[in-house]
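Try each task before reading its solution.

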Amino acid sequence: MSGAKPAADHVGFPTTAAKPVADSVKKAPGPITMDHVLLALRETKEERELRIRSLFNFFDAANLGYLDYAQIEAGLSALQIPGEYKYAKDLLKVCDADRDGRVNYHEFRQYMDDKELELYRIFQAIDVEHNGCILPEELWEALVKAGIEMDDEELAHFVEHVDKDNNGIITFEEWRDFLLLYPHEATIENIYHHWERVCLVDIGEQAVIPEGISKHVHRSRYFIAGAIAGAASRTATAPLDRLKVVLQVQTSRASVVPAIRKIFKEDGFLGFFRGNGINVVKVAPESAIKFYTYELLKNVIGENMGENKDDIGTAGRLLAGGIAGAVAQTAIYPLDLVKTRLQTCASEAGKGPRLGILTKEILTHEGPRAFYKGLLPSLLGIVPYAGIDLAAYETLKDMSKTYFLHDNSDPGPLIQLGCGTVSGALGATCVYPLQVIRTRMQAQRSNTAEAYRGMSDVFWRTLQREGYRGFYKGLFPNLLKVVPAASITYMVYEAMKKKLDL
């Protein structure tokens, strides 16, 4: 939000000579009125009216006498407010009292009255010393009471964004300028959201652990949003996943079109979604286990390195993420193996095997260890994938700053999504041979004469019979699902965040 600060002054937020803060603001006795707001801002009614009119005219650049969506959007862009902080539709909705799609000056003025009173109430609640300003420690206490943890560095960044004159405290004028065009209710949780936005991307194979979610009181809502987004993404790309697995286990010549025809002939249209139910079920536990393990390891690494847990460096994050991924993968691996068996078992009378019967047969005929066949190559691929993904992502993000943004600003959500998609696809391609080995070990029954004896046996038999190309069977549908999977996850996740008030 810091990008909006320089532009705020020229649209009618007047700067006044500095006064001792305590002289202009005291704790308001009784109900808060506009007189208290005027005293806090050191404004007369006429000066405030001029300021609001000036701000309205700034948005009404075409001098139409009203504001519509396009004008509000253009005004927010002119204020240099980053895209992820634009609330043009919400601002129009909350200002447009008569719901005619336009905001006249009277409606705009009413919004300003209501918003400044609301902001003053929460300002007073945070200012426990009642000295007319918010001290960093008061802001920290308010966040903690709301269930939000924040370290000293983050707190300093928060104060820096709001504190325009850089004197280390937040006056009501600065507080108002920071939140005046934020159309949602000004609770401490929403204000924190306004400062820090979180994104979770799940491309079907790997779930990215979001930074910052652990600090928020509504972390369970993020898990719900992420689980629904992951489920929607995996369901939408289930046909590609089934096709990939079928191609991976073929030891003869494997082609995409014949494989599609075979699936459709044996199982019909629903055959492309075989195994998707169990694939969706494992989204939430896998993400939860990975997340909590990651947070635990961040603390351990931070303590051993003598660093803050939120600043363990790239190597520390890679190590913590790799181990967290391994723990989560191990915990849900039996589900993954059963999913592979469901997708590769032959159909009987056009119907696939039933989940309960298949699971019981594996346990009875192959023993409990069979549920972990292929775990080693799966674990071996986690750290290389994460390393390649991270390195490629940072490289692409730097390239976007150089060749697309030109102003060295941080890339927006769509560019970040594009960088993450490409880096994820590159990482998945590099470790794909391990995925083929894992799938073949999962799919083959261990009580048959042709059963693989281990990871090395799969490698040498595949190399001898199929050559190096055998390790990349099914790669095309795997890459084909990356872009739609990431896009669907992103769109559904953002929609769920709005539904859940995140």
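A residue is called buried when its relative accessible area is under 20%, exposed when that value is over 50%, and partly exposed in between (1.4 Å probe, protein chains only). The model is predicted, so local features need pLDDT of at least 70 and side-chain atom pairs count only at pLDDT 80 or more, while totals for chains, interfaces and linings use all residues. Residues are numbered from 1 along each chain as its sequence is written, and side-chain values use heavy atoms, with hydrogens and water left out.

**Exercise 1. Describe the chain as a whole.**

Solution. Begin with burial: 48% of the 502 residues of the protein chain count as buried. Next, take the secondary structure, where helices (H or I, at least four residues) and strands (E, at least two) are DSSP runs numbered from the N terminus. The protein chain has 25 helices and four strands. The accessible surface of the protein chain is about 24,400 Å², and carbon and sulfur atoms hold 59% of that. Finally, look at contacts, meaning heavy atoms within 4.5 Å. Among contacts in the protein chain with a separation of 6 or more, 72% are between residues 24 or more positions apart.

**Exercise 2. Trace the salt bridges.**

Solution. The structure holds 23 salt bridges.

Step one: lysine 339 and aspartate 241 form a salt bridge, at 3.1 Å from N to O. Lysine 339 belongs to helix H17 (residues 313–344) and aspartate 241 to helix H13 (residues 238–248), so this pair ties together parts that are 98 residues apart in sequence. Lysine 339 is buried, at 6% relative accessibility, and aspartate 241 is buried at 6% too.

Step two: arginine 440 pairs with glutamate 466, and their closest N and O atoms are 2.7 Å apart. Since arginine 440 lies in helix H22 (residues 432–443) and glutamate 466 in helix H23 (residues 455–466), the pair ties together parts that are 26 residues apart in sequence. Arginine 440 and glutamate 466 are both buried.

Step three: glutamate 466 also meets lysine 473 in a salt bridge (2.6 Å, N to O), and lysine 473 is buried as well.

**Exercise 3. Is leucine 270 buried or exposed?**

Solution. Find the residue in the loop between helix H14 (256–267) and helix H15 (276–281). Leucine 270 has a relative accessible area of 66%, so the answer is exposed.

**Exercise 4. How many disulfides does a search of the whole structure find?**

Solution. Apply the criterion, a pair of cysteine sulfur atoms within 2.5 Å. The search finds zero disulfides.

Methods. Accessible areas come from the Shrake-Rupley method with a 1.4 Å probe; for residues, only the protein chains shown count as cover. A salt bridge is a side-chain nitrogen of Lys or Arg within 4 Å of a carboxyl oxygen of Asp or Glu.
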